[in-house]
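Biologist: I would like to learn how to read a model like this one. Could you take me through it, one feature at a time?

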Amino acid sequence: MPVPATQTSSPPASIGVSFHNVEKRFGSLAALRSVSLEIGAGEFVALLGPNGAGKTTLLRMAALLMNPTRGSVQFTNGPAVVRECVRAQAFLVRPKRCIGLVGHSTLLYDELTAVENLTLFARLYALDKVADTVTAALDDCGLSARTGSPVRTFSRGMRQRLAIARALLHRPSVILLDEPAAGLDRHGLVWFSARLARLKADGCTVLMSTHARNESLDLATRAVALAGGRVENDSGPAGDPRALLAPLRAEA
Amino acid sequence: MKARFTITALVALLIFCAGYAALFIAPDEATMHAIQRIFYFHVACWNAMFCAFFVAFYASVAYLVTGKRKWDALGVSGVEVGVICCTIGLVTGPLWARPVWGIWWTWDAKLTSTFILWLLFIAYLLLRGLIEDPEKKASLSAIFAIFASLDIPLVYLANRLWRTQHPQPVIAGGQGSGLDPTMSKVLLLCLFAVFCVMLLVLIDRYRLEQLRNECAELKFEIESQGIDAFDGAATPALQKGGQ
Amino acid sequence: MRRGEGRCSQFDVRASGGREPQDFACPKQIIVIANAVPRLFIPAALWRARDAERDLLLTTAQAAGIILAKELRLEFRTRELLTATVIFALVVVVLFSFAFDPTAAESRRYGPGLLWIAFLFAGSLMLNPSFAREQNNETLDALRMAPISSFAILLGKILANFIFMSLAELVLVPVFAVLYNLSLAGIVWRLILVLVLGTWGLTVTGTVFSAVSAHARMRELLLPLLLLPLLTPLLIAAVESTSALFAEQPALDRTWLAFLAGFDIVFLTASWLLCDHLLAE
């Protein structure tokens, strides 16, 4: 699949995410218990852990969709703290345009077509040359043949590819991926890994949660294992993630 | 504990005195006789209700601004106590109206408005019951309480405008002009006594809510420590951590 | 550096404010309307202060226009909501005639009340999916992540619901006039003024509470329970001003019109102030 020329020539970004004693409760359930993580700019972090370990909550909090019950989430640009995420400021705008999220759901409108979905978000992020950007993104994820049909008619893998294309449309520098490989076939996985490799080369910070092995994990520079809402194991910014990644089984 | 007991006893004494004054000291009303004595508690209830709803409004705004749980607790206490006062008022009203006006209920401006007020805050309590997540429950119900409070003056204004354009023959208006001096003294005593009762119940309800929050907090701590004991192993207890 | 070019590496990439978006997704007229309507109600200085504080790429009105275009596109693809609303209101109107069998004089007296009851009931049903629909693929999260103000999301939906409700009324009012033998001749413009003011108040509060009830259990039942008591002042004012138009000597009741406008302003301002909390998780 061809790589749009504009995407390779982008300047490197340098935004990190740090969590300070973050705690999140849903009623009497604790999804996260005093999690502290310092993720530097340009790191590729694999978030591991069983279901219910708090991976999704951590990602949603980094996406500013959720406020921590205690503690804080900060975005750092070098040594400077860009903006602190505190309660009653749920609508933080400035870091928003630098964040891209692939969630559990597709975050797409089923009744709209692929083009309409991407156009909507391109416009909301105030991108220039909306039509060109959207066409390039659709070419890139290999959906240019189906641009006119509603997302409802897409297969699971196609939806996931479109969801990834949507999240990366505004060229974010912090990329949050929640089980992004779910539903992708072999071909899709290869495309996805190549896409992630390009993003990593561009200097993006990536947080990817997963519980199964796939090619994209080879890119990880750090692995963090969560269990019961705590950081159980962390290979650290300079450490080797392979020991933590080894026990993961390949996706069936 | 002792201070609270003393205060409760004092308020009980006060409301007893108020009841005595309303029943035996206040002079007999010329046309309505004994039934008019319901007036002292009927009016006092409305007064207490407005105070309680004002507390609820203030607490809701404060919750949204500060995000502190105690304001949410105060808000729900205010609404609950206000609804009780409103219910008492709505029950004593028809009891008084039946012998005097000859009807239980009329679609008069004040009655209608108050009925809508009651419905609004019942809806508030219903809303709280139907939202699971405590944080969401607190913020969304605070939003509803603010909207409802803004609606109250509009409801009264609309009803007043509406009824002046369609004059109803049945109502001659409650007491109207010139209360007897003894009557107004008794009325003041009753207003104060019922207000104190309302305040006492409100504070107790607030304490109860705070204790519930504290209890949930302690339960949570115990659960956390339980998890610490198993830390590191993927036991079923860990799976409950929920996303 | 132009916007959209290169990855966002600095946080001070500012918009060259007030730029008109250029292609199909949002017709220019919609932007103009979206710009004008809220500014009728909220002082411009307040408006600007709130936007500037957030360093937005789009103004609230531009973003609201995009959301509005999306809502219209979604709805006109299926037209389910609109059809259901019209049919429901018609059922209410027809049932009423069975229940009361009104004479000509009676229908003049009760007609406006019936009409607004039908609108209110239909509205409280129609507004429910406004936010509930966004939960299918958690698309509301996608909107909340976009660098737009939270009020833009709400305003876009309010405007869309206002258009849907107005379209339904456009069908219902003539049918109603025919069924109940009322003449619209000579009062059309005045009636439209009353309908617009009443419908705006209905859609503002309705959209806000559809966001509230979307998080609750039994939301279909809850929305009317929250909404209808709140809308009683609006109902009284709308019915009274409509009655004045259907009277022997049609007249515009200025007191009630002012009341309607006041209702609209109070609740639009309240929703503007509270929308951050309304849409925050």
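Biologist: Which strands of chain A does helix α2 lie across?

Modeller: Helices (H or I, at least four residues) and strands (E, at least two) are DSSP runs, numbered from the N terminus. Helix α2 (residues 55–62) of chain A lies across β3 (44–48), β7, β8 (205–209) and β9 (222–227) of chain A. Relative to β8(A), the helix runs at about 150 degrees. Such angles run from 0 to 180 degrees between N-to-C directions, and the axes are lines fitted to C-alpha atoms, for helices over the stretch in contact. Two residues are in contact if their C-beta atoms, placed from the backbone, lie within 7 Å.

Biologist: Before we go on, what should I know about the numbering and the source?

Modeller: Residues are numbered from 1 along each chain as its sequence is written, while chains are lettered from A and ligands numbered from 1 in the order in which they are written. This is a predicted model, where local features need pLDDT of at least 70, side-chain atom pairs count only at pLDDT 80 or more, and totals for chains, interfaces and linings use all residues.

Biologist: In what order do the strands of the open sheet in chain A come?

Modeller: Strands of a sheet pair through backbone hydrogen bonds, either parallel or antiparallel. By definition, two strands pair if DSSP finds at least two bridges between them. In chain A, 6 strands form an open sheet in the order β6-β7-β8-β3-β9-β10, with mixed pairing. Its edge strands are β6 (99–102) and β10 (230–234) of chain A, each pairing on one side only. From one strand to the next, the twist averages 20 degrees.

Biologist: How many bridges join β6(A) to β7(A)?

Modeller: There are 4 bridges between β6(A) and strand β7 (residues 174–178) of chain A, and the two run parallel. To find one on screen, look for G100(A), whose bridge partner in β7(A) is I175(A).

Biologist: And where is there an antiparallel pair?

Modeller: Look at strand β1 (residues 16–26) and strand β2 (residues 29–39) of chain A, which pair in the antiparallel sense over 7 bridges. V17(A) has I39(A) as its bridge partner in β2(A). The two strands form a hairpin with 2 residues between them, and G27(A) in the turn has a positive phi of about 65 degrees.

Biologist: Which residues have a positive phi without being glycine?

Modeller: Most residues other than glycine have a negative phi, and most peptide bonds are trans. A126(A), which is not a glycine, has a positive phi of about 55 degrees; A126(A) lies in the loop between α3 and α4 of chain A. E179(A), not a glycine either, has a positive phi of about 45 degrees and sits in the loop between β7 and α6 (186–201) of chain A.

Biologist: Why does A126(A) count as buried?

Modeller: A residue is buried if 20 or more other C-beta atoms lie within 10 Å of its own, exposed if 12 or fewer, and partly exposed in between, with C-beta atoms placed from the backbone. A126(A) counts as buried because it has 24 C-beta neighbours inside 10 Å. E179(A) has 19, so it counts as partly exposed.

Biologist: Which residues of helix α4 in chain A are buried?

Modeller: In α4 (residues 130–140) of chain A, they are V130(A), T133(A), V134(A), A137(A), L138(A) and D140(A). They cover an arc of only 160 degrees around the axis, so they are on the same side of α4(A). That arc is taken from the directions from the helix axis to the C-beta atoms. The buried residues of α4(A) pack against α3 (114–124) and α5 (156–168) of chain A. After α4(A) comes G142(A), whose phi is positive, near 75 degrees.

Biologist: How many helices and strands does chain B have?

Modeller: Chain B has 7 helices and 0 strands, whereas chain A has 7 helices and 10 strands. Buried residues make up 35% of the 243 residues in chain B; of the 252 residues of chain A, 53% count as buried.

Biologist: What pLDDT does chain B average?

Modeller: pLDDT is the predictor's confidence in each residue, from 0 to 100. Chain B averages 81, and 84% of its residues score at least 70. Among its elements, helix α7 (residues 236–239) has the lowest mean pLDDT (42) and helix α4 (residues 109–130) the highest (90). Over residues 230–243 of chain B the pLDDT is below 50, and this stretch has 31 contacts in the model beyond near neighbours in sequence. Where pLDDT is low, the predicted coordinates should not be read in detail.
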